[in-house]
Amino acid sequence: MAEIVFAAAAGLAVLGLLLSAVRFARGPWAIDRTVALDVMTIIATSLIVAFAVFSGRRIYVDVGMVYGLVGFAGVVAIARYLEGGL
Amino acid sequence: MNEIVGAFVSLAGSLFFLLSAVGLLRMPDAFNRMQAGTKATTLGSILFLLGIGIMKPDWLGRMVILIVFIVLTNPVSSNALARAAHAHRKRIGARLEPDALAAEDGGKEAGHAG
C-alpha cells in the first residue's frame, strides 16, 4: 500500500517535470525558460531523493543534494546574466 | 504505519509539484509564472522530502538538511529571476502598475537580447 502511494507521488512529480519541460520548450522569452529551469531543478532534486528510496541506497540522497546546489548556482548565474550584471 | 503516513505526505507534496507545473503552463506572463513556479515548488519539496523522512526515520537528518537548503536557496533564485524579468519588463509585456523598483533604478532597461 505504502509503495503504491509513494510510486503514485513519484509519478505525479514526473508529470510535473514533463509539463514544465513543455514551458521550457515553448516559453517565448529567455526569462520564461529560466523560470521553467528553476522549477525543473527543484522537482528533479526531489525525484533523485525518491530514486534513493526506490533503490534503497543512501548515496543517491547526497547526489540529489549536490544536484540541487549546482542547479541553484546555474539558475542564479543565468538570471544575473539576463539582468545585465554579469 | 509510519510508511503509509509518509507516503501520503509525499503524495501531497507531489500534488503541489503538479499544480506549480500547471500554473507555469497557464499563467500569462513571466512574473505570474514565477509566482506559480517558485512558491508552490518550495512547499511541494518540503512536503515530499518530509514524507520520505517519515517513511525512513534514519534518513530524517539528511532530509532536514535538504529542506533547510531548499528553503534558503529558493527565495534567492526567485529574487534573481524577478530582477532579471524586471530588467526586460517592456519586452515581455508585463503590466506593472506600481513599479517601485523602476523608480529606484531610474527606469533603465537591460540592453542585450533576451
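1. Let's start inside this predicted model. The residues lining the largest cavity divide into 4 nonpolar, 7 polar and 1 charged. Have a look at the structure and try to pick them out: the lining includes Asp38(A), Thr41(A), Ile42(A) and Phe72(A) from chain A, along with Phe69(B), Ile70(B), Asn74(B) and Ser77(B) from chain B.

2. Which elements give two or more residues to this lining? They are α2 (30–55) and α3 (59–83) of chain A, together with α3 (60–87) of chain B. The most comes from α3(B), which gives 5 residues.

3. How many cavities of 30 Å³ or more are there? The count comes to 1. For the largest cavity, the volume is about 100 Å³.

4. Now turn to the place where the two chains meet. Here 48 residues of chain A are in contact with 51 residues of chain B. Between them the chains bury about 4,400 Å², and 78% of that area is on carbon and sulfur atoms.

5. Next, the polar side of the interface. Between chain A and chain B there are 4 salt bridges, and 7 residue pairs are in polar contact. A salt bridge you can find for yourself joins the side chains of Asp32(A) and Arg33(B), at 2.6 Å from N to O.

6. Finally, consider the side of chain A that touches chain B. Two or more residues each come from α1 (2–26), α2 and α3 of chain A, with the largest share, 16 residues, from α2(A). By class, this side has 33 nonpolar, 7 polar and 8 charged residues.

Notes:
Residues numbered from 1 in each chain as written. Chains lettered and ligands numbered in written order. Predicted model: local features only at pLDDT ≥ 70, side-chain atom pairs only at ≥ 80, totals over all residues. Heavy atoms only, no water. 1 Å grid on protein atoms, 1.4 Å probe; cavity = no way out; pocket = protein on both sides within 12 Å on 5 of 7 lines; lining within 4 Å. Points joined across faces, edges and corners; volume = space filled by probe spheres on them. Helix = DSSP H or I, 4+ residues; strand = E, 2+ residues; numbered from the N terminus. Nonpolar A, V, L, I, M, F, W, Y, C, P; charged D, E, K, R; others polar. Contact = heavy atoms within 4.5 Å. Buried area = accessible area lost by both parts, 1.4 Å probe. Polar contact = N/O pair within 3.5 Å; in protein donor to acceptor, adjacent residues only side chain to side chain.
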